[in-house]
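Hi everyone, thanks for coming.

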Amino acid sequence: MRIRDTGDLWWKNAVVYCLDVETFMDWDDDGIGDFPGLVQRIDHLADLGVTCLWLMPFYPTADRDDGYDITDFLGVDPRLGDLGDVVELVRTARDRGIRVIVDLVVNHTSDRHPWFRSARRSTSSPFRDYYVWRSDEPPSTKDQVVFPDQEEGIWTLDEASGEWYRHRFYRHQPDLNTANPQVRDAIAKTIGFWLELGISGFRVDAVPYALTDAAANPGDEIDDPHDLLRVLRAFVGRRSGDAILMGEVNLPYEEQARYFGDGDPTDGDPGGVTSNELTLQFDFNAMQALYLALARHDATPLAGSLAARPPIPRDTQWATFVRNHDELTLDKLTDDERAEVFAAFGPEEDMQLYGRGLRRRLPPMLGGDPRRLRMVYALLFSLPGTPVLFYGEEIGMGENLDVPGRLAVRTPMQWTSGPNGGFSRAPARRLAASLPGDGYAPEHVNVADQRRDPESLLTFVRMLAHRYRECPELGWGDAQVLDSPEPSVLALRTTWQDASMVTLHNLSPDPVVVRVPLGDLPEDARLVDVLDADDVEPAPDGTAEVRLDGYGFRWLRVTPPGSRRLL
């Protein structure tokens, strides 16, 4: 027996929007975005249809890794505001139906964090075991570094103590020893603190790294590294029944499934099984398959990836995305497949990163083709899962390849066609980041102009977000990949309770007519187009013939006679 699904799981059909406070809106004109500026722009997000705002790190930082090198987990970078500003943001967002989640970085700290400063002063420091040390010289670990152009290994000698400390990322980011009960208590304290301020959950950074070697030390309480996630999930559940943990887990599906927990994906306990690890996980596998499919004009790789998704507990979810704040990693593709994507979307060396990913935004990769761009975002919102947008995607912002590394896609938000794109009235030399140029400069791409244009990308993405929210089957439902006679067309049928949606997306520039088998249909059902006034009548044999333009797409709701759903 299982209780009927309810709206308690708010994240099932949320629209998530990720931004960096530092580059979103500067309200005091010092060149750096801040919380008061974000509060002033919260209505843009509400109008867009955002229901969950994800904030990248805003904590005090040494600022050597765009805020991910944190010096205080319980504070706010004074350049961005203070705790009162965070509370004001949470209140303002809540008034508009938007929840706020924040980055939880538990894998490492800055080497300027008070814990590490104490730890490196003496081997008897009470904070020594907050980090991972070794007294013997380590072997070569070149093959384990995350940033191969910056580090030669994951161990660095600390001259003061004569021991090596571990850092999976940069040497100025020493790894926390999450096997230490005191570290786990500090993490729980951090979670509890932000939940008390009204935060609705956390995007957990670099989850597999945080769990690596978590049970390495004799006497530690953790036998299974996944116990850490189970403990954190239980703590979050006690403190706030509907808060979430959304994890960054870039692993093959069979390994990734473990991070959801072991709840029964179908039957479960009376009332349903609660996930005991992560609530949501980013679907890196489908994202990479999407780019291979786009490069080939062939939906087969994406269809295969979606079909290969493992069963997961009912109250967990995949988070789908086209772009995020990091490199666009392609590490799950073969060398030949990655070369195909590079050739299509990043043929120049400075567009690539570490030989495994791209440091570009989608519009320049697609040559600015509005048909193709709209098709990709229609596809994103129709994929089974919770869509996640990166700031600026709604207006088609480009990257700045003159900026090093991953910062190429973290340019200031472009609000107007005026100086600095309306982000700040400070001199350009003082801006937190440089703006893109050429056809993606603010005079060509900005919010103000697109708000007044009914044909703009902003208008289109707003419509998608609202339609997605009106079609709960897309977030809650079980998706089936339908047979398509055209390799370029991805056809899905997503069903939840008495609602069902058929979505078709043509990844080719050539128009096609496809006849797809729909499976069981209610008698005399119609396929009502929820994006356009172009309904489709199914054939008696349970198939439907659908015409798609080049890069065309259709969202067709299965509608029986007498349906009371809004169409």
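Let me start with a question: which residues form one aromatic cluster together with Trp-415? They're Tyr-17, Phe-24, Phe-390 and Tyr-391. Keep in mind that this is a predicted model.

Staying with the rings, a search of the whole structure turns up 30 aromatic pairs. One of them is Phe-116 with Tyr-165, an edge-to-face pair, 5.1 Å centre to centre with 70 degrees between the planes. That pair links distant parts of the chain: Phe-116 sits in helix 4 and Tyr-165 in strand 6, 49 residues apart. Phe-116 is buried, at 0% relative accessible area, and Tyr-165 counts as buried too, at 4%.

Then there's Phe-381 and Tyr-468: their ring centres are 6.0 Å apart and their planes at 65 degrees, so this pair is edge-to-face. Here helix 13 holds Phe-381 and helix 15 holds Tyr-468, 87 residues apart. Both of these residues are buried.

Strands 17 and 21 pair over five bridges, and Met-501 has Arg-557 in strand 21 as its bridge partner.

Last stop, the largest pocket, with a volume of about 690 Å³. It's lined by 30 residues, and nearest its centre are Val-146, Tyr-209, Glu-248, Asn-250 and Arg-356. By class, that lining has twelve nonpolar, eight polar and ten charged residues.

Notes: Residues numbered from 1 in each chain as written. Predicted model: local features only at pLDDT ≥ 70, side-chain atom pairs only at ≥ 80, totals over all residues. Heavy atoms only, no water. 1 Å grid on protein atoms, 1.4 Å probe; cavity = no way out; pocket = protein on both sides within 12 Å on 5 of 7 lines; lining within 4 Å. Points joined across faces, edges and corners; volume = space filled by probe spheres on them. Nonpolar A, V, L, I, M, F, W, Y, C, P; charged D, E, K, R; others polar. Pairing = 2+ DSSP bridges. Helix = DSSP H or I, 4+ residues; strand = E, 2+ residues; numbered from the N terminus. Phe/Tyr/Trp six-rings, centres within 6.5 Å; stacked < 30°, edge-to-face > 60°. Buried < 20%, exposed > 50% of the residue type's maximum accessible area, 1.4 Å probe, protein only.
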